Each structure stands twice: as structure tokens, then as C-alpha cells.
Amino acid sequence: MAFRASRLAPLLLASLAGAGCGAGVVARDAGNAPPDVALFDVPPLTDGNVAGYALSFDGINDYATSGNAGFPAASAPQTISLWVNYVATTATQDFIVLRLDLDSGVQIGIRSGTITVWRTFSGRTLVAAPIAPAAGEWHHVAYTFDRTTHVLYVDGAMAASSTATGDERTPNQVWLGTVDGSAELYSGLMDEVRVWSIVRSAADIQKDMLHRDPGPEPGLMAYWTFDDSQNGGRCDDMSKAPTDPIRNDVTLGDGIAERMPSRVLSDAPVGAVDAPGG
Ligand SMILES: [Ca+2]
């Protein structure tokens, strides 16, 4: 969970400044390295920062997993969207993976130097942005599939579409920042992840990306803001009511501090909370 990118340092310092003494959890990496400050448990923000916290993946061993209740099959209508701020467009890096073992799945991340969506079974590209947006700044990524056409939106605009043959089956694993806990590790920030079992329109995506969501909505199977800041290395699924017994909560690094993405103050441009039903 070391901070590799110097640009993240101000965020870390800002988080620490707001954390107060003893509020965080201090963990120690293997070896003689100085202790990392694990910011997966951090104080609630009270300064009106709408974006709250983001997850920071170190590209070394950080990842997260989640439940998959109600998640769409690879061949079913769906929308997956998130904000990312990647360090580089080199190597293969997964933002989010919904897969069934290695037999079927949808993977969204960086591949061949650009934002790409590919299938797990054959590894074939479903859709890819012609040009990768610049590293080191926030970009919104959304993927939709309507049983026929794959569409990739970057920063609210359609970047590419295709009718490539994809995988078909229902996922039994969900990974953030990796394909399997050890490979295709993501280096960068992530915030506002949403998984829908319906197709959102271009207009929906353009509107949604600029707002936090007020809560449960039809077809919204998971919504992770990473803002529930005192949760023992877990992040709540905000798409469900707090009392809902089936929630697709996120677990950071399988509960192992060294593998947990840190929480950092988010400056993702998500604007204000959307109006209910909006
Ligand atoms: Ca957030």
C-alpha cells in the first residue's frame, strides 16, 4: 500500500491532517520499510467534500473483492461505470472484473495502452478506446451491453462500440484492481463504482457521472462510494438499504493490511448528490 506516485502525497497528507491522532490504523509492511499508514479506516468527512474518499491501488499487491448477488451474466444487459485516475497506460491493469472462474467474464481496464473491455475466456477485446486519455487525471469509464452491442464511454462520450462475440455466463467472482488477487494489478485511484443489470443510455451516463447517487434504484446491483470510512477494511454497497440482508459489500485485500488499497481524499468530479429518482 505504499504510495508510488508523488502526486498522491498531498492527498495522503490531507487525509492525515484530517485524521487526528490515533484515528487511523497503522500497519507495517514486511521487511524494514517504514510503517505504512493504512487509511482504510479513516474519519468521516465533515467538510462538504462530496466525492469523499477514493481507493488508491499501489500496483504492487493491492486489490479488493465484492459480492456478486444479482450481477448480470456476461451476455445479459448491463452497465458498469466508475471513475479512475491511473498512473500510466502501460501494462495490463484491471479496474474491475466480473467473471466465472476463467471460463467467462467481462474485464475493464488498461490493455495495449488504452482503456479496454475484454472477455475473460479468450481474452479477446470487446471494445477499446482509440486513444487513451491522459494519465494522472480523473476519467469516467462506462461500459454497456444490450445483448448485441458493446459500448464504451470515456468521460461521458462514446469512445467505441462493437458487436463482438462475448462470454455468456453469470459471474461468481468480482475483483477490483486485479484479475485474480495477484496479476494485472492496477496502479491509481478509483471511485464511484456502479454495476447495473440494465442498459443505461448515453444521456443517463452523462448525467450519472456527475452526481453521487442517493441510494437504491431499479437495476442498480452495486454502488461503491468508498466513503463509509470506519468499517474495518470493508466498503458498503450503497445500492441497498442498510438492513438489506443481501448486499454486495467490498472487502479490501482479503482483510490483509498490506494488500488493502488505501483510502485517500477523492477529488473525482462527481458534483452534488443527485435528486431521488433523478
Ligand atoms: Ca468516494
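Me: In what order do the 8 strands of the open sheet sit?
Reply: The order is S9-S8-S7-S6-S13-S4-S17-S16, with antiparallel pairing. Two strands count as paired if DSSP finds at least two bridges between them; strands are DSSP E runs of at least two residues, helices H or I runs of at least four, both numbered from the N terminus. This is a predicted model: local features need pLDDT of at least 70, side-chain atom pairs count only at pLDDT 80 or more, and totals for chains, interfaces and linings use all residues. Residues are numbered from 1 along each chain as its sequence is written.

Me: Which strands stand at the edges?
Reply: S9 (125-128) and S16 (234-235); each has a single partner strand, so one side of each lacks a neighbour in the sheet.

Me: And how many bridges join S6 to S13?
Reply: 4 bridges link S6 (residues 93-100) with S13 (residues 173-176), running antiparallel. Arg99 has Gln173 as its bridge partner in S13.

Me: New topic: what does Met190 contact, leaving aside neighbours within four places in sequence?
Reply: Ala54, Leu55, Phe57, Leu82, Trp83, Val84, Phe95 and Leu176. Contact means C-beta atoms, placed from the backbone, within 7 Å.

Me: How confident is the predictor, on average?
Reply: The protein chain averages a pLDDT (the predictor's confidence in each residue, from 0 to 100) of 85, and 81% of residues score at least 70. Over residues 1-38 pLDDT is below 50, though that stretch has 58 contacts in the model beyond near neighbours in sequence.

Key:
Contact = placed C-beta atoms within 7 Å.
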